[in-house]
Structures are given as structure tokens and as C-alpha cells.
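Please keep the sequence and the model in view while reading.

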Amino acid sequence: MKIRYNTIVYFMLSLVFVGAIISCTDDDELNGGKPRIRYVRLVDPNSSDSLLVAGYQNNMVAIIGENLGKTEQVWFNDKKAGLSPTYVTNSSILTTIPGDIPDQITNKMALVFSNGDTLFHDFEVAISEPVINSMKSEYVFAGDVATIRGNFFYEPVTVTFTGGVEGTVSTVDDDAAILQVVVPEGAEPGPITITTPFGETESDFWFRDNRNIFISSDPFTGWWNESFVVSAPEAGDPPSINGNYIRVKQNIGSWSWLEVAGGPPSAMGDISKNIPDEAIIKPSDYYLKFEVNTMKPFDNNVIKLNVGLSNDFYNDGYQWLPPYDTKGEWQTVVIPLETVMADFDTSVSADGYYARILFHGPGDLDADISFDNFRVVPKSLD
């Protein structure tokens, strides 16, 4: 699969590195005028002392040697690398290791010159194990298709859910870097594991994550709008993904004040204590997550989120801004907790925490938006 790196960053790194090596001699008399590769190293100047005998797919590398200026092609195994004449000099070549899996593994790099000669050099391309970044929705019914975002989903690929059951892989899209799998019966809350011929990776996130939920409406607690809770969906309603959910279906005027759910610890009950102490102490290690379903686009107004407040509500905290449109499907929203908690002070509270979902902002909104499973969870399994 192809990782789309930031072209500008690569260009700047390349200029830095070319400037560092351009002073090397271009004297064609070195090595009797014959091309020679001395070593390969990373382009990043901070890693310039790291000489490589192997490299990962999509890594940019510098090939250092003599009499390399007439190189027209660079190959890793049987895959041709991209090559710009700008990055070819007598003493160096900058190129990126191809991301495609080789059909024939030779563990050789080959330089092809304008006169047809070829120079081989021992170099192994390390095939990456799967990378799992996220799921479109962490809540998916058995029999429905879950979309997993990541990379290096090399076939044959298997997806195993907590509970030890394997899903049926329906799509592997290299360009979009996604994998789609039919969720099996018996899938339980917990990490998923993806296995390919080149390795196995367990997700940092949980499928059907039920940890540390502080607003769920199962049952309803709090001060505001019990009428928004949907406990028995009817035709045309979003399906229930984890018990009751909250649905806001009304016009919301510009700068009107609509409290959707939440309350102080005394009104929320024990669920208000579900945010871990570690998340209050070090929010950079945690995410705020929740599921959302927009039957109509969230294209105006502002949703303000109060999370982890120990002594009161805060009206100007984190603002979740439009636009956002799931087109009638449940999706998981992931926000770094340090971003949510950046503008207020709080402390660990044994009594629980204040929480609130609030519409308050510019622009009229014809709202039809549902929420579920507000939770604070670790970014990593470690």
C-alpha cells in the first residue's frame, strides 16, 4: 500500500541532505571512473549516522557512492523506485523504497545506467506488518460490514475479534488504505487483531468499546432532556448500537441555548466517576470518543462539550464545529482529550465529574443528530 507523505516535508529534507552531501567529490577518476555504492542511509539529517542494510517500504533513503550521475533507474527487488534527476549526482541518489510487495524477493538494489550497465548492491526491503489506525465506527452489528483504516493489509489477511472469532474480509482497498470485514457472531468488546503473511498487529482501540462511559442514557441520569433519549427505535430512526441513545431532532436557532444531556455528579450518579484519574492527571494519554449519527447534516451552530470538570460547568470549553455529516450511519468521533481540556483547570475528584453536551453558537441548525457512548479511553494499549 502507498502512504501519502507530505511532499513539502520531503522536499525540504531532501534539500537539507543534498546540501550536506553535494560537497562530496564528483571526480570521475574515483574508482577508475566506475560506479560504486559505498553505503545507504536515511535522508533525515538527524539519522545521517545510521547506515542501512535494510529499509522499510516508503522510506526515503540516500545512496552514497561514486560515479552515480548517469543513473536512470533504481530497483528494489523487482519493484522500480521513483527517481528525479534533481536528486541524482555523481556522489548521491535520493529515492523512496517502493511500497508495493515484490513478486520476486532478491534482497538486492539495482542501479541501471544510461549505457545499459547495472550495478547491484545487497539491500533488504523489510515488509511492514499491518498498521491499524481506527475504525469508521467502533460499534457494528454482527453480519454488518466494519471499515478499518490503516495500512499494509497484504493478502491473505485475517481479522480476529476479541472472543476468538474471525470476520470475513470483503474488501481490501490499497488506494484508500482501508479494509472492510463482516463482523462475525460472537465478537466481543475488545481489541481486534489483523494478521498478514508479514506480521500480526493488535489494535490500540477497542471494538464496541464499553470502557469509561460517562454519558450513555442507560439508564438516563442528569438534569436535561430525558425526552431526547431513544429506547425503542421505530422505522426511520437510527438503529440502537448500545442500548439507549440520544437524538436531537428540532430546529436550533443561532446562539440559542440547548442543553442536550449531562449534569453535576449529584445528578449523574456513579457514571460520573467513570473517567479515570490518570486521564485527569495526564489527558495527553487519552481520547474523548463518542458515536454520532446525522440524519441531517450538522452544518451550522456549535456543539460544546464539558468533560472532566471537577467543580462546575464551563461554558466556553471545547467546541465541536461543523460541518459533519455521517449520512445516516453511525460513526466514531475521536478527539484528543488534551484538546478538549485545554482551556480549563480541573483536578481528580472522588465524587465524579461534571459533564454536558450543549448546542450554543452562530447559525440556525435544522438538527437531526444522535449521540451515544461518550467515553474517555487510553490512546494506547500499553
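Leaving aside its neighbours within four places in sequence, Thr-196 is in contact with Pro-130, Phe-152, Phe-153, Tyr-154, Pro-156 and Val-157, where contact means heavy atoms within 4.5 Å. The residue belongs to strand β17 (residues 192–196), strands being DSSP runs of E with at least two residues and helices runs of H or I with at least four, both numbered from the N terminus. Thr-196 is buried, at a relative accessible area of 8%; buried means under 20%, exposed over 50% and partly exposed in between, with a 1.4 Å probe and protein chains only.

The model is a predicted one, in which local features need pLDDT of at least 70 and side-chain atom pairs count only at pLDDT 80 or more, while totals for chains, interfaces and linings use all residues. Residues are numbered from 1 along each chain as its sequence is written, and side-chain values use heavy atoms, with hydrogens and water left out.

The C-alpha atoms of Thr-221 and Val-376 lie 18 Å apart in space, although 155 residues separate the two in sequence.

| Residue | Relative accessible area | Class |
|---|---|---|
| Thr-196 | 8% | buried |
| Thr-221 | 27% | partly exposed |

Strand β5 (residues 71–76) pairs in the antiparallel sense with strand β8 (residues 108–113) over five bridges, pairing being assigned if DSSP finds at least two bridges between two strands. Within this pair, Thr-71 stands opposite Phe-113. β5 also pairs in the antiparallel sense with strand β6 (residues 79–80), over two bridges, and there Phe-76 has Lys-79 as its bridge partner. Two residues lie between the strands of this β5 and β6 hairpin, in which Asn-77 takes a positive phi near 55 degrees.

For the chain as a whole, the secondary structure comes to four helices and 28 strands. The C-alpha trace spans about 85 × 45 × 40 Å along its principal axes. Of the 382 residues, 48% count as buried, and among the contacts with a separation of 6 or more, 73% are made by residues 24 or more positions apart.
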